[in-house]
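Please look at the sequence and the structure together, and keep both in view while you read the short report below.

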Amino acid sequence: MGFRRKDLLGTRDLSADEIRTLLESAESFKEIAERPLKKVPALRGKTVVNLFFEPSTRTRTSFEIAAKRLSADAVNISASTSSVVKGESLLDTVDNLQAMAPDIIVVRHKSVGAAHLIAGHIGASVVNAGDGANEHPTQALLDLLTISAHKKLGPGLRVAIIGDIAHSRVARSNIWALTTLGITVRVCAPPTMLPRGLENIKGVEVCRRPEEALDGVDVVMMLRIQLERQDRLLFPSLRDYAAIFGLNRRRLALARPDAIVMHPGPMNRGVEITSDVADSEQAVILSQVSNGVALRMAVLFLLGGQGHE
Ligand code: NCD
């Protein structure tokens, strides 16, 4: 199966075959990071624009490194230094970029649907690098790539996602991708951070307490509290949150002994995860970052046309 889309906007509508195609392609790009000369000519002559309206360390850097390792020209625009601060609208900004004939635009924006809006408006391929609390597909795919190095992806696998589910595009994209592959997802959050209706998604189990969510799972994914998307703190205090929902050694012992611990970053050590767990042998948090480059190479490569049959 190939990957025949113009854009990658979310994981919700990806088929299991499409997810596997992306992961297989990413797997083949992993070894480029080990080479002394980390470059292949696959996207030579193509232009990738990274258009980031929200802060980012990992995602923006890894899209840029991914583009450069494929020999594409990568251009970075951050909202604070663009004409957005002079009042230009999103679609005007994008029309002007399109006039310079980029091949792929990677966009992060605080509004749900921003990437979809742009994708419907221009001919370049669009990759959603996060739209509000909606989707962050490349994060979920790099998470799957990371899990696949340790566990078999498919029915029987159990993943716990714990934290601010309501405001997390990482949780949303992971829930769609994991359940599409038949993987069971246990979600756990304080009631104020848990969207309604999750229990209606096939393969999702809602747990009230982290102890229940962690019991016997293969993968533990911890999330940051997205304070920037909350108009008020949805928990009495961060200290209370850490005491009840934080991942520490004692709670992690409830998962399988070979369970892996994941976090999309940025981490708030001492809040959702203790430092000893974040730095433990079970943590694969930095592998997620390394895999992010290979996965984004695969996405740019497949959208860039080289992977089309
Ligand atoms: C996440 C994001 O921006 O959605 N970070 C990331 O891309 N790795 C998660 C977060 O901000 O907590």
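In which loop is Ala101 found? Ala101 sits in the loop between α3 (90–98) and β3 (104–109), where helices (H or I, at least four residues) and strands (E, at least two) are DSSP runs, numbered from the N terminus. The model is a predicted one, in which local features need pLDDT of at least 70, side-chain atom pairs count only at pLDDT 80 or more, and totals for chains, interfaces and linings use all residues. Residues are numbered from 1 along each chain as its sequence is written, and side-chain values use heavy atoms, with hydrogens and water left out.

Another backbone feature is the peptide bond from Gly265 to Pro266, which is cis, with omega near -10°, and Pro266 is placed in the loop between β9 (260–262) and α10 (275–278).

In helix α8 (residues 238–245), Tyr241, Ala242 and Phe245 are buried. Seen down the axis of α8, its buried residues fall within an arc of 100°, so they line one face of the helix; the arc is that of the directions from the helix axis to the C-beta atoms. The buried residues of α8 pack against β5 (158–162), β6 (184–188), α7 (210–214), β8 (219–222) and α9 (249–252), where contact means heavy atoms within 4.5 Å.

Notes:
Buried means under 20% relative accessible area, exposed over 50%, partly exposed in between (1.4 Å probe, protein chains only).
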